Amino acid sequence: MSGDAPHVLLVDDDARLLALAGRYLTEQGFRVTQARSAAEARDRLRSLDFDLMVLDVMMPGETGLEFTGDLRTERAPTMPILLLTARDTPEDIIAGFEAGADDYLGKPFDPRVLVARIRAMLRRAQPAAQPPGPLQLGDAMFDAGRGELIGQHSRVRLTGAELALLLALAARPHEILSREALAAALGLDDVNERAIDVQVTRLRRKIEPDPREPRFLHTVRGKGYSLKPGP
């Protein structure tokens, strides 16, 4: 993380929420920078480094979902993103994960829950104290300490959620991990099973030569998922 205090970018078009949440986060020891739109957040990202973004979904103009998708493709492929949404149906939550978010929080929320979610996400973004050794996934090696997939000619960075998921699977290769166990590894509470499937799909896009025919990350019908590393 950048500096001693984690730096959070708080993005919401609601000035009152920005003021209240920003003040509470500051009191809890975070550095906070605010933005009231995706365009304003982009300006902040050009000049400052952040450890995590808290982003409202329903903003005028470019929505939080659209902004998240753009960040994941180019600007901030690994920065943890927590979505704030007044629409927290399973379909809305899944849409957030599909866009690339790491977690979500429904509005209205208790600021103590916001802080707890942020701290959990920041912990997941850090390498484990004793990460598993390098793991071969075809032509690439998974370096858990760096949170990277290292190929012959490339390095692929993982988001916090993708890294937490792969670490959980890599710690117990060839074993079947239930969706409940994977949800716990991601720090998600009462999560819809489909949301875990979405995160698995995103991870497969980075570790599989053909995500439609997985070689390493296998679905075990009715039980969960299993990682089978190898050449």
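In α4, I94, F97, E98 and A99 meet R194, A195, V198, Q199 and R202 of α8; contact means heavy atoms within 4.5 Å. Helices (H or I, at least four residues) and strands (E, at least two) are DSSP runs, numbered from the N terminus. By class, this contact has 5 nonpolar, 1 polar and 3 charged residues. Ala, Val, Leu, Ile, Met, Phe, Trp, Tyr, Cys and Pro count as nonpolar, Asp, Glu, Lys and Arg as charged, and the others, Gly among them, as polar.

This is a predicted model: local features need pLDDT of at least 70, side-chain atom pairs pLDDT 80 or more, while totals for chains, interfaces and linings use all residues. Residues are numbered from 1 along each chain as its sequence is written, and side-chain values use heavy atoms, without hydrogens or water.

A second pair is α1 with α5. A21, Y24 and L25 of α1 meet P111, R112, L114, V115 and I118 of α5. That contact has 7 nonpolar, no polar and 1 charged residues.

| Pair | Axis distance | Angle |
|---|---|---|
| α4 and α8 | 9 Å | about 10° |
| α1 and α5 | within 10 Å | roughly 60° |

Axes are lines fitted to C-alpha atoms, for helices over the stretch in contact, and angles run from 0 to 180 degrees between N-to-C directions.

Now the core. The largest nonpolar core has 34 residues, and F142, L169 and L227 touch the most other members. Such a core joins buried (under 20% relative accessible area, 1.4 Å probe, protein chains only) Ala, Val, Leu, Ile, Met, Phe, Trp, Tyr and Cys residues through side-chain atoms within 4.5 Å. Helix α6 gives the most, with 9 residues.

Conventions:
Buried < 20%, exposed > 50% of the residue type's maximum accessible area, 1.4 Å probe, protein only.
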